[in-house]
Amino acid sequence: LPNGLRIDAARAEAQRAYELDRRHVFHSWSAQRQLDPMTISAAQGCCVWDGAGHRLLDFSSQLVNTNIGHQHPKVVAAVQEQAAKLCTVAPQHVNAARSEAARLVAERTPGELDRIFFTNGGADAVEHAVRMARLHTGRTKVLARYRSYHGGTDLAVNLTGDPRRWPNDRGAAGVVHFHGPFRYRSQFHAESEAQECERALEHLEQTILLEGSDTIAAIILESIPGTAGIMVPPPGYLAGVRALCDRFGIVYIADEVMSGFGRTGRWFAIEHAAAPAGSSAVSESASSAGEFRAVVPDLLTFAKGVNSGYVPLGGVAIAPHIAATFDDRVYPGGLTYSGHPLATAAAVATITAMAEERIVENAARIGEQVLGPGLHALAERHRCIGEVRGLGVFWALELVRDRQTREPLVPSGGTVLRELDTACRSAGLLLAVNANRLHIVPPCTISEAEAKEGLAILDDALTLADAHTA
Ligand code: PLP
């Protein structure tokens, strides 16, 4: 095993860990008795080793967070050095790791989003972004998309547009859901991506008008919805959302917790939405190379890839006009570990290594040259694949029982996808299963050979699912 681990010792430890887990650990989003969780004993690069010592290619990046791969030596060393130097300080003090991490994040976020509030993860970043938007506007309502995920805390789960909200919904959080563009399962019956975009923007405008534009503090939107299905928005959609926010004085919150820090082959997914210069649908302050202008949100939430999850970290990047609201007025919020030295030291090392080793470029190249073409080739061979979507190292296969009707292969997980998942695992591939979809989301560092190895395992496993099609 990697990192000097001996297989017999690792197996013994895994056995004990499993027993203690089943006795004492309470798991997220689960009926506890129905669980049979997998033990991970070791990890390196794009691979993990299970409790029995079997190697698996990690096409899940855990929860889509190990963008830099597992056990990157520079990040491990940075955490070790920081631990030896200064493990923890209260957030009211300046700490060098946090200052440097804030600079590095600010330099990469679009436009002038250069004030950074650090949190412990994605959900609390979302909570704080909404709080800032409400205080800035003096309004309460927040519009959020159906087919979205924004986190598991109280408000974040109420913003979420998937079934995880249902048992948690208090109906009083001031959240209104709208439909975003998703042509494969469109409620707009659009004939083209352009029409889908236009109708989705009309629908959003109507929602704003019917809710009362001056009651709406913010629109929160994943630049590419991740957990809900990796739906890349049509060109013009995010620029159109920006324009609506400008028109009605609504704060645009881009949730880049999953899509940020290289996953899509750019530092942030919203960079793919650049609109032609001169278009009224872009922020005046924004500019990017050439004739295109970036779509710049007012607040951008991040977590996961910022330090690949080596130590929990998230945050909100804040535009100057929102930050200015709190120049002479107290921001009523905070966290004991805001900008924790170990977490921000890991962020500094992660962002620096990603830049030096051209890891974002690697994600773009693998997407264009290997995963994209490879997954489309699988769709030609397997009739269970209804649609292939994505870019960079951020892909979904939508599995259907019938390509004509687009009936999902299983409504929500179910035995076919469990079988497929098990088959992949036994052949050495770990991927993410979501409802009737497979998400192919390996680390941004994945090599061509590893990507091809994973695709070959997937190819065999998909034959199982073909047997369940009409
Ligand atoms: N926002 C998005 C877009 C996410 O994908 C997630 C997690 O998957 C979150 C927020 C919540 O992040 P966390 O689980 O770190 O609280």
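Strand E14 (394-402) is largely enclosed by the rest of the structure, because 7 of its 9 residues are buried (20 or more other C-beta atoms within 10 Å of a residue's own; 12 or fewer is exposed and in between is partly exposed, with C-beta atoms placed from the backbone). This is a predicted model, where local features need pLDDT of at least 70 and side-chain atom pairs count only at pLDDT 80 or more, while totals for chains, interfaces and linings use all residues. Residues are numbered from 1 along each chain as its sequence is written. Helices (H or I, at least four residues) and strands (E, at least two) are DSSP runs, numbered from the N terminus.

**Around strand E14**

- E13 and E14 run antiparallel and are joined by 6 bridges; two strands count as paired if DSSP finds at least two bridges between them.
- Leu391 has Phe394 in E14 as its bridge partner.
- The hairpin of E13 and E14 has 2 residues between the strands, and Gly392 in the turn has a positive phi of about 60°.
- E14 also pairs with E18 in the antiparallel sense, over 4 bridges, and here Leu397 stands opposite Leu438.
- With strand E15 (residues 407-408), E14 makes an antiparallel pairing over 2 bridges, in which Asp402 has Glu407 as its partner.
- There are 4 residues between E14 and E15 in their hairpin, and Arg406 in the turn has a positive phi of about 65°.

**How the domains meet**

- The protein chain splits into domain 1 (7-71 + 358-466) and domain 2 (73-356), with bounds that come from an automatic or database domain assignment.
- The C-alpha centres of the two domains lie 26 Å apart.
- Each domain brings 28 residues to the contact, where two residues are in contact if their C-beta atoms, placed from the backbone, lie within 7 Å.
- On the side of domain 1 that touches domain 2, the elements giving two or more residues include helix H11 (359-381), strand E13 (385-391) and E14.
- H11 gives the most to that side, with 5 residues.
- By class, that side has 13 nonpolar, 10 polar and 5 charged residues (Ala, Val, Leu, Ile, Met, Phe, Trp, Tyr, Cys and Pro count as nonpolar, Asp, Glu, Lys and Arg as charged, and the others, Gly among them, as polar).

**The seven-stranded sheet**

- An open sheet of 7 strands has the order E4-E12-E11-E8-E7-E5-E6, with mixed pairing.
- Its edge strands are E4 (115-119) and E6 (175-178), each of which pairs on one side only.
- E4 pairs with strand E12 (residues 314-318) in the antiparallel sense over 5 bridges, and Phe117 stands opposite Val316 in E12.
- Helix H4 (residues 96-108) lies across E4 and E12, running at about 120° to E4; axes are lines fitted to C-alpha atoms, for helices over the stretch in contact, and angles run from 0 to 180 degrees between N-to-C directions.

**The ligand shell**

- Of the 16 residues around the ligand, Gly121, Gly122, Ala123, Gly151 and Val257 come nearest; a residue is near a molecule or strand if its C-beta atom, placed from the backbone, lies within 6 Å of it.
- Helix H5 (residues 122-137) gives the most to this shell, with 3 residues.
- The shell around the ligand has 7 nonpolar, 7 polar and 2 charged residues by class.
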